[in-house]
Amino acid sequence: MAAHKTAVSRTLGESLREHGVSRRGFLKFCAATASMMALPPTMAPAIAAALEKARRPSVIWLSFQECTGCTESLTRSHAPTVEDLILEVISLDYHHTLQAASGDAAERAREQAMEANHGDYLVVVDGSLPGPDSNPGYSTIAGISNLEMLKETLEGAKAVVAVGTCAAFGGLPHASPNPTGAVAVQDIVEDLPVINVSGCPPVPMVITGVLAHYLTFGELPELDQYNRPLAFFGQSIHDRCYRRPFYDKGLFAETFDDEGAKKGWCLYRLGCKGPSTYNACATTKWNAGTSWPIESGHPCLGCSEPDFWDAGGFYRALSIPNTNATGTLLAAGVTGAIVGGAAAALAKKQQKAEEDERQPVKIEELEQKL
Amino acid sequence: MSDPMEFLLWAKGPMFDWALAIFALGMLARIAEILMLGRKPNLAEPRGGEWGPGLRTIITRSVADPGTFQRAAFNVTVGWIWHLGFLVVLLLFIPHIELINSVLGLRWPGLPNPVVDAVSAVTIAALIASLVHRLTHPVKKRISTVEDYLVWTVTFLPLLTGYLAYHRMINPYPLALGLHILMVEIFLIVFPFTKLTHVFTTFIARWYNGATFGRKGVES
């Protein structure tokens with residue numbers, strides 16, 4: 001417990017120096033963070049000063065119905081850059097995958113962190129959780145249901161960061177028919193700020209950027225309507241895509257191995273969801289800036305948007321409806337033709353009946369009757 | 001429905017099905033009725049064929065005769081501009097071709113987006129001009145009915161929302177695209193019950209006219 005408090009009370013600057021990060025490397029990270037968050041370059045020294053003095057915040061990372069892809073993304077793709085150290089210098093007090101402790105000891109670490117940092121710790125969640133109306137037995141940790149653990153952990157938390165599309169919007173577990181009644185973190189949290197860092201998995205720089213912002217300013221970044229940080233989710237993939245000129249020229253890859261695909265033309269026709277997807281992939285890229293899905297020739301799946309699993313086929317163009325439109329057209333057309341035919345037949349029948357009933361009368365006959 | 005993505009999926013999903021069903025059912029019912037009712041049998045001896053003059057009239061009536069053009073140059077010119085523009089935007093924009101291909105299994109080459117963009121701007125301007133003309137022309141404004149303004153509105157809104165969506169002037173994009181699709185769906189739903197049916201019936205009517213003339217041996 002004492003050792004834990006010591007770790008928390010050390011400043012970020014002290015921890016970085018301990019880890020052998022140079023002043024130059026640290027300032028470069030601050031400048032990159034400033035530009036990534038769309039802050040003016042003059043903010044870099046301010047970020048550096050704030051981070052130098054920042055106390056390591058305690059972070060409790062809860063993993064619910066997830067695939068560990070978010071953690072994989074975060075831990076692998078940045079090593080051994082300074083962002084990795086930012087993660088080391090937050091006090092990551094509970095994380096299934098990364099912590100050494102297991103069993104009861106692991107749960108005690110969570111309880112200790114909650115007690116020692118009551119009201120100040122950050123909760124990071126990856127994965128969705130079975131909602132209040134579903135069977136809590138679908139997902140439990142140490143015999144505690146996800147919902148119970150989340151509610152218990154939220155009590156002393158300062159804010160919640162939902163990492164990954166499952167935590168942010170329900171993701172794959174929430175996809176139709178949603179057998180576990182999965183819900184997103186924001187469906188449960190009521191009186192705490194929630195930041196959604198969506199993506200399947202999310203871009204690692206985005207999660208470190210959000211934490212850096214929190215350490216620098218002591219408050220959460222500006223968020224979009226889905227509670228995603230605007231600095232990273234403010235623009236669509238389409239608007240920042242390097243293949244955009246081909247879209248504008250009307251040059252499209254028709255298949256994955258045609259001439260257009262080889263020339264790097266737009267992937268719209270192959271199902272790219274870039275126009276409706278807001279994320280930072282096109283600018284920050286993946287694997288330390290190596291590439292990103294569209295650069296490697298694959299259409300964007302729209303993984304950072306709600307309901308992306310149910311938003312139509314991944315390889316169907318965005319403009320294609322999500323229904324069996326051909327069947328509807330045929331069925332309705334045939335019904336219409338039958339209805340129209342029946343109406344015409346009825347009209348003809350009525351006309352014929354009237355003709356049959358017609359009793360021609362000559363003027364002479366009428367005069368005789370009179 | 002407050003969620004833009006949910007709105008887009010609804011517009012692309014069940015709402016699209018409903019709109020398409022109402023459109024197809026209504027239009028097929030009307031066309032089947034028109035064709036089956038036909039015309040009263042003409043017992044007189046024909047003086048010429050029906051098919052040739054019928055088909056020729058479908059084309060010749062599309063071009064205004066000099067007298068009509070002199071009397072209503074604005075109607076003819078602006079009418080032509082926006083009708084052609086509407087067809088170009090509808091049929092030659094790549095995302096529209098993808099949609100048509102998914103429903104009908106037919107596809108054709110499209111135009112570069114900037115060309116379609118320019119054409120849609122001209123079409124929108126022409127449609128606005130036609131509305132202003134309708135509202136200010138002493139005769140047109142008196143003979144215009146509620147249906148005329150309804151038809152103008154449901155034709156204009158898909159163009160406008162499509163233009164706004166393409167230029168990403170409504171955010172977020174799922175909302176912009178959803179609105180555009182919804183406007184098209186309203187157009188499809190209104191279609192069979194208004195004079196929009198002329199898209200199909202114009203050609204049937206012209207054929208009947210030409211065929212009647214041909215049968216009588218009159219120039220069509």
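From the N terminus on, the elements of chain B follow the order α-α-α-α-α-α-α-α-α-α-α. That makes eleven helices and zero strands in this chain. The structure described here is a predicted model, and the predictor gives the complex an ipTM of 0.86 and a pTM of 0.82. For chain B the mean pLDDT is 93, with 99% of its residues at 70 or more. Among the elements of this chain, the lowest mean pLDDT (89) belongs to helix α4 (residues 66-71) of chain B, and the highest (97) to helix α9 (residues 146-166) of chain B.

The C-alpha atoms of chain B fill a box of roughly 65 × 40 × 35 Å along the principal axes. Chain B has 220 residues, of which 31% count as buried. Among contacts in chain B with a separation of 6 or more, 76% are between residues 24 or more positions apart.

Chain A is built from both kinds of element, with 18 helices and nine strands. Its radius of gyration is 31 Å, well over the 21 Å that the globule rule gives for 370 residues, so chain A is more spread out than a compact globule. Along the principal axes, the C-alpha atoms of chain A fill a box of roughly 125 × 50 × 35 Å. Of the 370 residues in this chain, 41% count as buried. In chain A, residues 24 or more positions apart account for 72% of the contacts with a separation of 6 or more.

One buried position of chain A brings several parts of the sequence together. A:S304 lies in the loop between α16 (281-284) and α17 of chain A. This serine counts as buried because it has 31 C-beta neighbours inside 10 Å, where 20 or more are needed. Beyond its neighbours within four places in sequence, A:S304 is in contact with A:T165, A:S198, A:G199, A:T277, A:Y278 and A:N279.

Most residues other than glycine have a negative phi, and most peptide bonds are trans. A cis peptide bond, with omega of about 10°, joins A:S176 and A:P177. A:P177 is in the loop between α10 (171-174) and β8 (182-183) of chain A. The loop between α10 and β8 of chain A also holds A:N178, a residue other than glycine whose phi is positive, near 50°. With 17 other C-beta atoms within 10 Å, A:N178 is partly exposed. Another cis peptide bond joins A:C200 and A:P201, here with omega of about 0°. The loop that holds A:P201 runs between β9 (194-197) and α11 (204-217) of chain A. A positive phi, near 75°, is found at A:T68, again a residue other than glycine. This threonine sits in the loop between β1 (58-63) and α5 (69-76) of chain A. A:T68 is partly exposed, with 15 other C-beta atoms within 10 Å.

Finally, the two chains meet at an interface in which 39 residues of chain A are in contact with 40 residues of chain B. On the side of chain A that touches chain B, the elements giving two or more residues are α14 (244-249) and α17 (325-357) of chain A. The greatest contribution to this side comes from α17(A), with 15 residues. By class, the side of chain A that touches chain B has 19 nonpolar, 14 polar and six charged residues.

Terms used. Residues numbered from 1 in each chain as written. Chains lettered and ligands numbered in written order. Predicted model: local features only at pLDDT ≥ 70, side-chain atom pairs only at ≥ 80, totals over all residues. Contact = placed C-beta atoms within 7 Å. Helix = DSSP H or I, 4+ residues; strand = E, 2+ residues; numbered from the N terminus. Nonpolar A, V, L, I, M, F, W, Y, C, P; charged D, E, K, R; others polar. Rg over C-alpha atoms; globule rule 2.2 N^0.38 Å. Buried ≥ 20, exposed ≤ 12 C-beta atoms within 10 Å, placed from the backbone. pLDDT = per-residue confidence, 0-100.
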